[in-house]
Amino acid sequence: MFFLNIIVCQNNFPIVLIHGFMGWGSNEMGDYNYWGGKNNYVKMLQNEGFSVIEVSVGPISSNWERAIEVYYQLKG
């Protein structure tokens, strides 16, 4: 007999996506998405009920600058 373990999310924290070196944010490369290429993984996750935040930072910024940009985009 097999038992299926179902993991239920215990929080409602958003998923924060931050692109890597030489990456880009939404609407910066036309219809081509950083997260999924021709597919749009952000929309797919949102359609499944997840709260997704896609952050766009400088593509060649230092880690320090990227961290500051992310902070201010998330916290305002």
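Predicted model: local features only at pLDDT ≥ 70, side-chain atom pairs only at ≥ 80, totals over all residues.
**Entry 1: Gln-73**

I then placed Gln-73 on the chain: it lies in helix H2.

Next I asked which residues Gln-73 is in contact with, leaving aside its neighbours within four places in sequence. I found Val-55, Ser-56 and Val-57.

**Entry 2: Arg-66**

I stayed in helix H2, which covers residues 63-75 and also holds Arg-66. Is Arg-66 buried or exposed? I found it buried. I looked for a salt bridge and found none for Arg-66. The nearest side chain of opposite charge is Glu-69, 7.2 Å away.

What does the side chain of Arg-66 reach? I traced it to the backbone oxygen of His-19, at 2.5 Å. I also listed the contacts of Arg-66 beyond four places in sequence. They are Ile-18, His-19, Gly-20, Val-57, Gly-58 and Ser-61.

**Entry 3: the strands**

I turned to strands E1 (residues 15-18) and E2 (residues 52-55). They pair in the parallel sense, over 4 bridges. I picked Leu-17 and looked for its bridge partner in E2, which is Glu-54. Then I followed the chain from E1 to E2: it passes through helix H1, residues 41-47. I noted this β-α-β crossover as right-handed.

Conventions:
Residues numbered from 1 in each chain as written. Heavy atoms only, no water. Helix = DSSP H or I, 4+ residues; strand = E, 2+ residues; numbered from the N terminus. Buried < 20%, exposed > 50% of the residue type's maximum accessible area, 1.4 Å probe, protein only. Lys, Arg positive; Asp, Glu negative; His and termini not counted. Salt bridge = Lys/Arg side-chain N within 4 Å of Asp/Glu carboxyl O. Polar contact = N/O pair within 3.5 Å; in protein donor to acceptor, adjacent residues only side chain to side chain. Contact = heavy atoms within 4.5 Å. Pairing = 2+ DSSP bridges. Right-handed = clockwise from strand over helix to strand, strands pointing away.
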